[in-house]
Amino acid sequence: MALEANGRARTLLTDRPELYEARFPDPERLAGRWAEDCLRRHGAGPRVLDMGCGTGRDAGRLHAAGRRVTGADLSEPMLAYARTHHPGPEYVRADLHGFDFGAEAFDAVVCLDSALLYCHTNEQLDRFLSSCRRALSPGGLLVAEMRNGAYFLGRTDLLDSPADAEFAWRGVVHRSVTTLTVDRTAQLLRRVRVWSAGDGGEPAEERSAWRLLFPQELRHVLTAHGFEVLELHDGPGPRTEPPWREGLLPGRAADADRLHVVARRSRP
Ligand SMILES: C[S@@+](CC[C@H](N)C(=O)[O-])C[C@H]1O[C@@H](n2cnc3c(N)ncnc32)[C@H](O)[C@@H]1O
């Protein structure tokens, strides 16, 4: 079963959102709480767009914090799941590579767990940032959390050998073997993951890719699109070790494997 040929939203996990939440549990809603902390520390207004919202759990957490949230994703199964399991926000289909919710419709855009890195090309990244700028009120915030491209400079620990993982979901054991490679020309991290389940089904191969964005490149492109970078660091964050918790402030380095950015739309 070839599930993703073009880097778009169809993968085994986005087609089966329950499986996504089982594979990447966040029972303490750390990602949503971290995003809310960024918004609060920088005084963001109530209207939030969660781009690449996935299962809706972060959008739901931001809604619970009192925000007026729109969750947007390209995957219909994700959106259907979000409406049922994390109600409160409005969920709509939209593409990171260019979207239009009207000018100044939001006080903040959040983009979590590497969703921004589905902008593979410079053109896609430019269209994403132009869309964010249009969507944000002057002084509005962009909060994003993703893999750090710079981590792969001089480190091969994630590339050296396939990584095995196993988890149980609805009584069936699912196994995955993941191989990561760096495509230096396209500046992409490519992933091939082969899934097998203990229910006798055919193994499924899933191909994905993420842009390898470097911290100073991100700073440059944000500035070029009329954003002031307020924070750019490798942690603590919701997916760092040790993880972020309330009261911890951002660090200054951008060396470890996650990158966190808070940028403010400059006033016209
Ligand atoms: C790794 S998941 C992250 C989901 C969520 N932000 C979270 O942190 O749990 C990436 C999400 O991006 C979505 N996605 C991928 N390409 C997209 C695109 N071009 N436009 C909008 N969403 C996209 C996928 O459907 C998926 O839900």
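**Strands, hairpins and domains in a predicted model**

Over residues 48-140 the chain is 34% helix and 27% strand, with the end C-alpha atoms 10 Å apart; helices (H or I, at least four residues) and strands (E, at least two) are DSSP runs, numbered from the N terminus. This is a predicted model, in which local features need pLDDT of at least 70 and side-chain atom pairs count only at pLDDT 80 or more, while totals for chains, interfaces and linings use all residues. Residues are numbered from 1 along each chain as its sequence is written.

Trainee: What does UniProt list for residues 48-140?
Mentor: UniProt positions are given here in the numbering used for the model, with feature names shortened, and annotations may be inferred rather than shown by experiment. The entry is unreviewed, and for these residues it lists "domain: Methyltransferase".

Trainee: Which residue in the turn between β8 and β9 has a positive phi?
Mentor: β8 pairs with strand β9 (residues 204-211) in the antiparallel sense over 8 bridges, and Val194 stands opposite Glu205 in β9. The two strands form a hairpin with 6 residues between them, and the turn residue with a positive phi, of about 85°, is Gly200.

Trainee: How far apart do the C-alpha centres of domain 1 and domain 2 lie?
Mentor: The chain is divided into domain 1 (2-149 + 213-265) and domain 2 (152-209), with bounds that come from an automatic or database domain assignment. The distance between their C-alpha centres is 23 Å.

Methods. Pairing = 2+ DSSP bridges.
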